[in-house]
Amino acid sequence: MNQEKVQPNGLSRREFLKKTGAAGLGFYVAGALLRSQSAFASDMPTDLLDAVAKEDGKLNIFNWSYYIAEDPVTDKDYGVDLTDVTPTIEKFQQEFNISVTYDTFESQEEMLAKVRPGGSGYDVVVFTNYYVPQAKGLKLIQPLDRSWLTNAENLLSRFQGPPFGPDPEFVVPYLWGVTGYAYNQGAVHGDSRVGHWSLLFRGNEYKNKMTMLDSVFIDGVNAALAHLGFSINERSRVPLLAAGDVLMEQKPLLQAYTSGTVRDQLATGDVLIAQLWTGDALAAQQQNAAIQFAFPNEGSDVWVDSMSVLAESKRPATAHLWMNYILRPRVAAGIATWVAYATPNNAALDFIPEAQRTSTVIYPSDDDLKNYALFVLPEGDALALRQQIADELLG
Amino acid sequence: MRSVRHRLGRFLWQHPGAKAGTALSPIVFWIALFIVGPLFVVLFYSFLTSGPFGSIQYNPTLENYQKTFVANDLRTNEPTPNWLYLNIFGRSLALAFVTTLICMLLGYPVAYWIALRGGRYKNLWIALFIMPFWTSYVVRIFAWMFLLRDPSGFINQLLLQSGLIQEPVQLLYNVTGVLIGMVYTYLPFAVIPLYASLERLDRSVLEAASDLGARPWQRLRYVTLPLTRGGIMSACVLTFVPAVGEYLIPDLMGGSKVNMIGNFIADKFLRDQNWTLGSAMSVILILIVMAILIIYLWRGHRHGILEGDF
Amino acid sequence: MINKDQSLSVELISVTKRYGNVVAVDSINLTIASGEFFSFLGPSGCGKTTTLRMIAGLERPDVGKVRINGELVNDLPPYERNVSTVFQRLALFPHMTVAENIAFGLKIQRQSRNAIEAKTKKILDLVHLSGYESRYPEQLSGGQQQRVALARSLILEPEVLLLDEPLAALDRKLRKEMQIELRRIQQEVGITFIYVTHDQKEALSMSDRISVMHQGKIIQSGSPQEIYEHPKTPFVADFLGASNFLSGLLVKSGNGFGLQMADGLLIHIESRGLGASDLNTNKMITLRPEAIEISLQKMPLGAKNCFAGVVVNKVYLGDSTEFEVLLNQNERLKVYVDGHRKEAQLSIAADVFVHWDDAVCNLIRSD
């Protein structure tokens with residue numbers, strides 16, 4: 001699902017990297033500085049530290065690109081000083097003397113293609129919520145030892161179980177967001193359809209100025225189902241076919257199915273309405289103040305990217321150490337601030353800069369999300385039907 | 001030991017054919033490793049069964065080939081010819097053909113000019129042509145998208161401000177955009193072999209044609225073109241074959257609205273995690289492109305095209 | 001040798017061609033008559049090929065005029081000039097058969113199939129290539145390729161045929177045959193041939209008239225005999241074959257003139273073209289080695305010049321022998337003796353006499 005994670009001022013290079021195969025560049029920092037295990041370590045259970053000591057002191061992580069604090073988060077640039085926990089990997093290595101190899105991917109499909117055959121060598125891998133059941137079904141990931149994840153209590157309760165918590169037995173929520181659409185306030189001013197999917201599906205006057213995300217079989221079908229009044233998790237044939245019809249009718253109105261360049265094109269005014277994720281919309285907004293984000297009333301999906309431990313990992317303790325570290329409030333705040341997506345970590349919110357915490361784009365109100373749900377990737381006929389609809393649409 | 005080597009040496013001396021075989025063995029090995037090997041893997045997968053979540057089951061089947069050509073209709077669920085696959089295939093061939101044609105029409109004059117008029121700056125000109133290859137393909141495609149967007153792209157702004165057009169023209173996310181991208185990408189593949197064959201062309205043969213009364217276009221038609229047919233053939237093959245399988249340009253510059261067979265097959269592998277069906281579709285793609293090439297080269301050979309390659 | 005009755009074929013009027021700082025052709029003036037077999041002779045780089053290419057239209061003169069049949073052609077491209085070229089590298093079309101090569105010009109002119117066939121057949125007869133119609137150039141010998149190139153040009157019945165060292169690539173024997181062949185064909189078709197060569201024997205044996213070129217300039221023009229026997233400059237004398245160069249002070253000698261050399265030798269020369277005003281000036285003469293005779297006795301009555309000398313070197317050349325004779329301990333003379341003469345048997349260190357007629361002494365007239 002071609003989700004794009006951006007830093008607010010940076011230009012995501014996702015599209016550049018996606019097809020060049022350059023994504024797998026390792027981020028390897030050797031010779032971590034030895035530092036006494038500080039008072040912080042007290043949040044780590046002793047048996048966890050004992051288990052980590054029996055492993056080889058290495059950790060291999062596979063995550064979305066631009067999805068961790070890669071630079072120090074300074075007061076000057078962000079309005080908060082989180083330099084004690086950023087750059088994230090460096091600080092982790094220093095504290096626990098673990099040598100981390102950090103690789104990135106550009107899409108869940110790319111990640112699956114590498115991880116699924118086995119032997120990828122990764123310990124911690126980030127799955128988007130709708131691929132978690134598949135990862136479980138394929139026995140790619142192992143159950144977590146919750147007793148080691150002492151900092152999980154910092155998570156908001158809605159991410160620890162229903163409605164937005166994806167399988168706490170197997171994964172730990174990392175960052176989250178919403179699929180809605182961005183629009184140019186100046187161009188659609190006064191249009192009563194703002195806040196509804198019908199703007200994107202019936203906005204004939206914005207012909208050729210609208211885009212949909214390129215992962216049509218998920219995001220396109222979800223939007224169409226919601227627009228028709230169905231749940232995004234609807235699996236029956238008739239509603240799905242109806243969604244396909246709506247998408248087919250919409251196609252002539254669209255400029256493109258895209259995710260990579262749309263943020264920039266919103267800013268220049270080439271695109272007026274674009275199906276998009278919250279963080280990307282914020283980035284566009286920072287370039288062009290006329291860009292607003294709509295959480296469609298009919299509903300859409302909340303997605304949660306979560307950390308998991310691969311079944312084949314030989315370093316489960318170190319993997320838990322990493323996850324429990326990420327769950328520390330300041331660490332989570334450092335990542336969320338740099339990446340500009342929402343953290344599910346309640347305690348972290350205190351450390352996040354005011355501008356982000358109060359942004360309704362990153363942190364929508366409960367009211368905004370009242371019809372929202374996690375998307376569950378169906379199996380069998382419903383999945384085949386979604387793929388067939390996408391084929392027909394893109395064919 | 002010595003006697004084995006001695007006897008082997010004598011055998012090779014007496015059988016020159018076998019000697020040629022051993023001399024060629026690095027080439028054979030290279031082809032086997034990098035060309036035949038991967039193809040064989042694809043061929044192998046195409047006869048297996050896909051399980052849930054994209055797992056692969058080792059049950060031999062022809063089902064993938066059947067699905068390549070026969071699909072169940074989305075609405076009636078009746079088996080029908082897989083029009084989607086066939087249509088996209090046809091579109092890919094047509095786009096590749098038009099790309100090749102435009103590349104020839106643009107590339108031949110350029111190659112001709114560099115080879116015959118480039119003087120001592122010939123190598124510089126060719127280097128300039130190859131220089132874009134020094135940067136990433138993806139970066140170059142993005143640069144083109146910045147140029148072509150409407151209305152904020154450079155080309156539209158230039159046309160609008162010079163008053164040549166009143167309304168912005170759509171140059172991206174349609175067939176025009178895909179063709180611009182493909183012609184740009186494959187033009188060097190056309191120019192280099194054309195240049196090589198024009199470079200080798202005996203200038204005095206061209207002078208002789210003029211001297212015998214041929215006007216420039218007659219000289220082109222009766223002498224220059226026939227004598228550079230080898231280069232034209234290579235240029236066509238080098239442009240057409242990769243163009244048929246193009247994936248990135250339709251995805252980015254076509255905005256996924258003008259898709260080619262490469263996108264369709266990539267979706268099978270990545271989105272659907274259906275490696276076996278994707279493999280079968282790839283095998284069919286390879287076979288058809290190979291058939292087109294063989295017919296083209298065979299006809300070219302019959303018409304003495306290869307002899308024209310001096 | 002220009003016959004005023006004949007129409008002018010090609011005129012070059014102060015034609016100059018430069019390549020950057022190099023002057024390839026330097027202000028050439030020349031008139032070639034219709035039906036002439038004319039040759040440009042000179043060493044490589046002398047500008048002869050450039051001159052030919054300017055007549056063909058393959059190069060454009062920087063200065064001057066080129067006229068063909070009285071018409072100014074400076075601005076006409078090659079395909080609009082009624083001249084045709086046989087190139088040094090032949091430049092046959094490798095993708096066409098002999099017949100197609102020959103018919104190329106006619107096909108361009110869109111002549112009828114019948115006309116093309118008839119003319120091709122005729123021209124193939126002329127160059128003795130009948131039966132080779134469907135061969136490709138690479139299947140022919142060098143001499144046959146040569147004939148195809150010739151036929152391809154001749155079929156267009158040009159007013160002028162330009163030949164740029166067409167025989168350079170052939171071996172000696174084939175070359176001789178083709179020289180005769182070219183001459184025969186020229187006489188049969190009766191058109192102007194302009195021939196470029198660096199081979200003086202080729203030029204001398206085929207041409208009606210020759211221009212010797214050096215460093216972009218025409219040094220001397222004239223009939224082969226004129227040029228060979230009366231070279232105007234040491235360069236021409238040297239380029240057209242071996243020569244002895246003798247210089248000295250012009251003095252009165254009997255009722256004629258003589259050249260008083262520094263070492264005391266006095267050489268009688270013809271008085272033609274000399275006057276009293278030339279007396280006591282330095283002059284140079286050239287003397288062809290084959291014009292000098294060698295003998296053991298001082299005798300021949302006719303020879304005005306006779307000197308004693310000693311053989312210092314001998315080179316066997318097959319049909320003749322080259323001797324070097326030292327005169328007066330100082331002057332070396334090159335002498336050719338026919339192989340069948342008994343003098344050819346003389347050995348080194350033999351005392352001999354050399355003698356020659358005053359008429360064979362060629363006075364270099366210019367500075």
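## Two domains of chain A

In this predicted model, the C-alpha centres of domain 1 and domain 2 of chain A lie 29 Å apart. Domain 1 covers 13-176 + 303-357 and domain 2 covers 178-302 + 363-394, with bounds from an automatic or database domain assignment. Their contact (heavy atoms within 4.5 Å) takes 25 residues from domain 1 of chain A and 24 residues from domain 2 of chain A.

About 1900 Å² is buried between domain 1 and domain 2 of chain A, 62% of it from carbon and sulfur atoms; buried area is the accessible area (1.4 Å probe) that two parts lose on being put together, summed over both. A:Tyr130, A:Phe164 and A:Trp303 supply 35% of what domain 1 of chain A buries there, more than any other three residues. The rule finds one salt bridge across this interface, a term for a side-chain nitrogen of Lys or Arg within 4 Å of a carboxyl oxygen of Asp or Glu.

## Where chain B meets chain C

Turning to the chains, 20 residues of chain B are in contact with 25 residues of chain C. Together chain B and chain C bury about 2000 Å², with 63% on carbon and sulfur atoms. On the chain B side, B:Asp211, B:Leu212 and B:Tyr222 supply 36% of the buried area, more than any other three residues.

Three salt bridges are found across the interface of chain B and chain C. The side chains of B:Arg215 and C:Glu80 meet in a salt bridge at 3.3 Å, N to O.

## Reading the numbers

Residues are numbered from 1 along each chain as its sequence is written, and chains are lettered from A in the order in which they are written. Local features need pLDDT of at least 70, side-chain atom pairs count only at pLDDT 80 or more, and totals for chains, interfaces and linings use all residues, while side-chain values use heavy atoms, without hydrogens and water.
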